[in-house]
Structures are given as C-alpha cells and as structure tokens.
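Dear colleague,

Please find below the structure that I am handing over to you. My findings follow it.

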Amino acid sequence: MNEVFGIPIQAFLGQLLLGLVNGSFYAMLSLGLAVIFGLLGIVNFAHGALYMIGAYVAWLCLEKFGLNYWAALVVAPVVVGFVGVVVEKAFLKHLYKLDPLYGLLLTFGLALIAEGVFRDQFGVSGQQYPVPELLQGATNLGFMVLPNYRAWVVVACLTVCLGTWFVIEKTSLGSTLRASTENPTLVQAFGINVPMMVTLTYAGGAALAALAGVLAAPVIQITPLMGSNLIIVVFAVVVIGGMGSILGSIITGVVLGLLEGLTKVFYPEASNIVVFVIMVIVLMVRPAGLFGKEK
Amino acid sequence: MPSADSLLPGSARSGTMLWLFVLALLVLAPFVGLYPVFLMNALCFAIFACAFNLLLGYTGLLSFGHAAFMGSAAYVTGWLVRSAGWPPELGVLAGTLAAMVLGTLVGLVAIRRQGIYFAMVTLAMAQMIYFICLQSPLTGGEDGLQGVPRGKLLGLLPLDDDRVMYFLVLAIFVAVFLGVVRIVHSPYGQVLKAIRENEPRAVSLGYDVDRYKLLAFVLSTTIAGLAGAMKTLVLGFASLSDVHWSLSGEVVLMTLLGGMGTFAGPVVGAFTIIGLQNFLADRVGSWVTVIIGVIFVFCVIAFRKGIVGELLAWQQRRRAG
C-alpha cells in the first residue's frame with residue numbers, strides 16, 4: 001500500500017496536510033469575519049490586510065527587536081488588536097446606520113492604504129520567516145513524515161477556533177455578545193456598554209487575523225499582497241458556509257482547505273479555482289449557504 | 001438620490017445646453033494639445049463606469065467583480081484582432097458578446113444572493129475568471145497580449161491615426177451615455193429604481209425582480225465589455241491588470257467619487273481617477289495605491305453623494321432657499 005489512486009501515499013498525505021493547514025487559516029479568518037459581521041454588520045475587507053500586518057509584525061519583531069516567534073504570537077495580536085480599536089473608533093462607527101455596502105467599501109479603502117504603505121516600506125518581494133527551533137524537523141509516523149511546524153499550526157488554529165466558539169456560545173460574555181447582535185438597544189437598556197463591546201469585538205477579530213498571520217509566517221512568503229489574495233478565497237468560504245454559525249464557518253473552512261489539497265493532488269491546474277467552483281454549486285443548490293438561514 | 005441631472009439652475013433645457021458644451025469641449029480637446037491616448041483611455045473608463053453605475057446607482061447592486069467582464073472582452077478582442085487577424089469592428093463586437101455571455105452566466109449565479117453577499121459572490125467569481133485568464137495559453141500569462149494592431153475600421157478608416165481613433169471612441173461613448181439615459185428613463189429603468197428603493201415591495205407589486213436584475217446585470221456587463229474591447233484597440237494590449245480585482249475596486253471608486261445614481265457622476269469620476277493616476281504615476285510610485293485608498297475612505301465617510309451629487313444637492317438647496 002504505497003499508492004492511492006496511482007499517487008505515492010507520502011505525496012498524497014503531504015498535500016492533504018497542506019490543505020489542512022490552509023483550511024485552518026480559512027477557518028480562523030472566516031470565523032473572525034463572521035463574528036465582526038454578526039455584531040457590526042460590516043464585511044471586513046481589511047481582514048486580509050490585518051492578517052498581512054500580523055505576519056509583518058512577527059517578522060519585524062525578529063529582525064529589529066530580536067523578539068522570537070513565541071513573543072510574536074502575543075505581540076502581533078495585541079498590536080493589530082490596537083489598530084482594530086483605532087479603526088473602529090475612527091471610521092467604522094460612523095457607518096452602523098448606513099447600508100452595509102459602505103462598510104465593505106470603507107474597509108476596502110483601508111486595505112488598499114495598508115497594502116500601499118507596506119509595499120512602499122518592504123517592496124513586493126517576499127520575506128522569509130524561520131521556523132522556530134522547537135518546531136523544526138519532522139516526525140516519522142511510519143506511513144508518512146509529518147513536519148512538526150505544520151502539525152503545530154493545525155492544532156493551534158483549531159484550538160483557537162474552538163476556544164472562540166466556546167467563549168461565544170458557552171460563556172456569559174458570549175451570551176451578552178449574542179444578545180447585542182440580536183437587539184443592541186435592549187441590551188444597552190440593561191446597562192451594558194454596547195459600543196465598547198462593538199469596539200472590542202472588532203479588535204478581537206483583528207487580533208485573530210493577526211494571530212493567523214503569525215502562524216502562517218514560517219510556511220509562506222510574507223508579502224504585502226498575501227492578505228488580499230487570501231481574503232477573496234475566504235469570502236467564498238463565507239458565502240459557502242453562511243455567516244450565521246460560528247461552528248459552521250470553522251467546519252466549512254477546514255473542509256474546503258482539504259478539498260483544495262485533494263485537487264492539488266489530482267488536478268493541480270484547478271486548485272486555484274476549486275473553492276469558487278464549489279461556491280457556485282452551493283449557490284445553485286442552497287443559496288443561503290450550508291449553515292445559513294434563509295431570511 | 002437625485003435622478004434628474006440638470007447641473008445648472010433652471011429648466012432641463014439649460015441642462016441640455018451644458019451637455020452640448022461638454023460635448024463641444026470633447027470634440028475640440030485633441031486639437032488643443034490634450035494627449036489623445038489619455039483622453040481615449042479616460043473615455044473607455046467613463047464607458048466602464050457608466051455601465052457600472054447602471055447597476056449600482058440605478059439598481060442598487062454592488063458588483064465587486066466588474067473588471068472580469070471588461071478584462072475578458074479585452075482579451076477576446078485582443079486575441080481575435082492580433083492572432084486571428086480579425087478586422088477591428090468584428091473583434092470589438094465579439095469581445096462585447098463574450099462579456100455578455102459571461103455576464104449572463106455570472107449573473108444567474110450572483111442574483112441568487114442579495115446585498116453584501118452579492119458583492120462577495122461577484123468578487124469570488126471574478127477571481128475565478130482571473131485565475132482562468134492567468135493559466136490559459138491564449139492570454140499570454142503575465143505578459144498579456146502585446147502589440148494588438150488597430151487596423152482599419154470597415155476596411156476604410158485608418159484607426160492608427162490617433163484622431164480617427166479618438167472620434168470613434170468619442171462616438172461610442174456618446175452612444176453609451178445616451179443609451180444609459182434612455183434605459184434609466186424607460187419604464188424598465190423605473191422598475192429598476194423601484195427594486196433599488198424597496199425590493200420586497202417591487203416583488204409584492206408582481207414584478208419578477210430576478211429577471212429585471214439579471215437583465216440589468218447583463219446590460220451592465222455587456223457595456224463593460226465594450227469598454228474593455230475599445231481599450232484594447234486604443235492601447236494595443238490586454239493584460240492581467242484588466243481582470244484584476246483592484247480594477248473592480250477602481251470602477252466602484254470612480255462611480256462613488258463622481259456620484260452614483262447620477263448620469264454625469266461616473267464620467268466625472270472616471271476622468272478624475274484616470275487623470276490622477278496619470279499625474280501621480282511618475283511622481284509618487286507605490287503611494288498611488290495609498291492615495292486611492294484614502295480617497296475611498298474619505299468618500300465613504302464624508303462624501304457619499306460624490307462630486308455631481310453634491311453639486312445637485314447644492315443647487316437644490318439654493319433653489320429652495
């Protein structure tokens with residue numbers, strides 16, 4: 001048993017793992033998008049830019065300040081979360097009464113600004129980030145060689161995703177958050193500072209995106225454009241899953257990553273577009289998305 | 001949102017006078033030393049933005065993937081004229097038809113979702129088209145299609161002459177502009193506006209909303225295709241940047257900055273943005289993206305009516321007070 005459908009099993013499982021890694025990033029980013037959309041009613045086009053900034057903060061930490069990977073895992077989300085607070089306070093809060101399309105356009109503009117600034121500062125060529133020492137090398141599982149860092153990324157992403165799900169669905173903070181999504185006026189009448197929760201939600205979503213950026217840094221080229229290329233795929237993921245359910249966006253993200261990995265094995269030319277093709281099929285069969293509710 | 005477009009106080013007649021004045025300026029422009037290729041490029045984008053405005057301004061649908069239609073038409077025209085040796089008029093026609101077919105396919109899928117999802121679906125499908133263009137052996141990949149000849153229109157008029165080409169582009173622009181005005185003022189256009197204002201109510205009045213929206217989408221993508229096909233002839237190349245999402249964003253900005261839901265808005269927006277890009281390109285390098293982004297943010301926060309929209313509002317206030 002060295003082959004699956006004529007493809008060496010090592011290569012097959014390797015691509016599947018790569019798909020799982022990508023799927024974990026899709027899950028983490030679409031989760032953040034879903035939480036922000038739920039409370040703010042804004043589709044955050046800047047999510048990709050925040051992810052990109054997260055990766056650059058990690059790289060800068062290492063190059064300029066000698067802070068290692070583990071420190072970056074904390075520093076980048078905090079820095080980008082703070083950026084999120086500023087963005088929400090300065091721009092987004094003016095838009096809550098308007099058509100949600102304006103939120104998309106504004107965050108698109110912000111993404112362009114971030115991309116342009118980073119391109120001017122760091123150029124278009126990619127930066128490399130070394131895999132931290134503790135996670136270098138690979139483990140031989142007998143049937144495949146598992147690169148330690150990739151395994152760590154999958155475990156870390158899924159832990160963070162499930163942690164976020166737990167906070168939102170099972171804690172009192174989460175229930176207040178969900179109540180504010182349903183009826184902000186009523187929740188405010190109970191003495192809860194809803195505007196502050198909105199700010200913190202956006203900051204939290206931004207921090208999640210940055211965390212994904214740090215986790216991604218050692219496995220990709222860090223470029224100013226890495227965010228926009230990813231965010232469009234994540235939009236398709238969100239359309240497929242529907243933004244109504246947290247667990248739904250996690251599952252959709254992971255599954256689509258795996259499907260993309262499979263496509264890379266069997267028909268590599270289509271791997272770039274497979275997510276979009278699946279989106280078209282889902283829209284034809286179930287327009288509200290797999291986990292969405294028809295309004 | 002204002003729908004009447006007389007810029008000067010008073011009757012519709014003074015509005016017509018203003019338009020004739022603008023047209024006269026455009027006719028004279030190449031003779032007073034303005035660079036014709038720049039004007040033609042701006043006019044192509046004005047056609048593109050008018051097409052986009054038909055969808056966003058009058059139907060209320062935000063397509064975030066309109067570059068895909070402009071770009072596909074640019075590629076089809078470029079390939080047919082350059083590699084298959086078609087005459088320019090047939091090349092442009094074929095490119096426009098290609099955008100129409102593509103628009104129908106994308107539209108059928110996209111109108112299944114509303115509002116913000118519509119924007120995301122069109123963006124995702126445009127990205128799919130981008131990847132297809134990137135990988136297809138016919139598009140020349142990263143290099144694009146270079147050296148597309150302009151040829152002779154109907155075998156007679158030499159389009160290599162910039163002035164002849166300019167008047168062809170201007171004629172098409174005027175035809176598209178008047179066509180859009182006609183569509184918006186037709187009973188069909190009124191239904192589109194009803195859908196924009198209140199879709200459930202339009203449904204309850206018995207309109208087959210999806211069919212109206214699909215037709216608007218196809219009309220818009222077809223005109224966008226015409227713009228792309230003409231642009232290929234004007235500049236002599238089609239490239240990946242014609243199908244890239246950043247161009248989809250730029251046409252949104254042109255419409256927003258000029259004033260969506262006004263006839264003149266997209267034209268003003270297109271000339272402003274193209275002029276600005278031309279002016280800035282040699283001076284600030286990669287900061288162009290930043291400046292475009294800043295204009296975007298500014299328009300959304302404080303200038304949602306756009307240039308023409310604000311002028312109209314100012315004129316109305318003056319008339320009232």
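Two residues are counted as in contact when their C-beta atoms, placed from the backbone, lie within 7 Å. In chain B, residues 24 or more positions apart account for 76% of the contacts with a separation of 6 or more.

This is a predicted model, in which local features need pLDDT of at least 70 and side-chain atom pairs count only at pLDDT 80 or more, while totals for chains, interfaces and linings use all residues. Residues are numbered from 1 along each chain as its sequence is written, and chains are lettered from A and ligands numbered from 1 in the order in which they are written.

Chain B has 13 helices and 2 strands (DSSP runs, H or I of at least four residues and E of at least two, numbered from the N terminus). Its C-alpha trace spans about 60 × 50 × 40 Å along the principal axes.

Of the 321 residues in chain B, 49% are buried (20 or more other C-beta atoms within 10 Å of the residue's own, all placed from the backbone). Beyond its neighbours within four places in sequence, Ile47(B) contacts residues including Ile172(B), Phe173(B) and Leu226(B).

At the interface, 33 residues of chain B are in contact with 33 residues of chain A. The largest share of chain B's side, 14 residues, comes from α5(B).

Yours sincerely

How values were computed:
A residue is buried if 20 or more other C-beta atoms lie within 10 Å of its own, exposed if 12 or fewer, and partly exposed in between; C-beta atoms are placed from the backbone.
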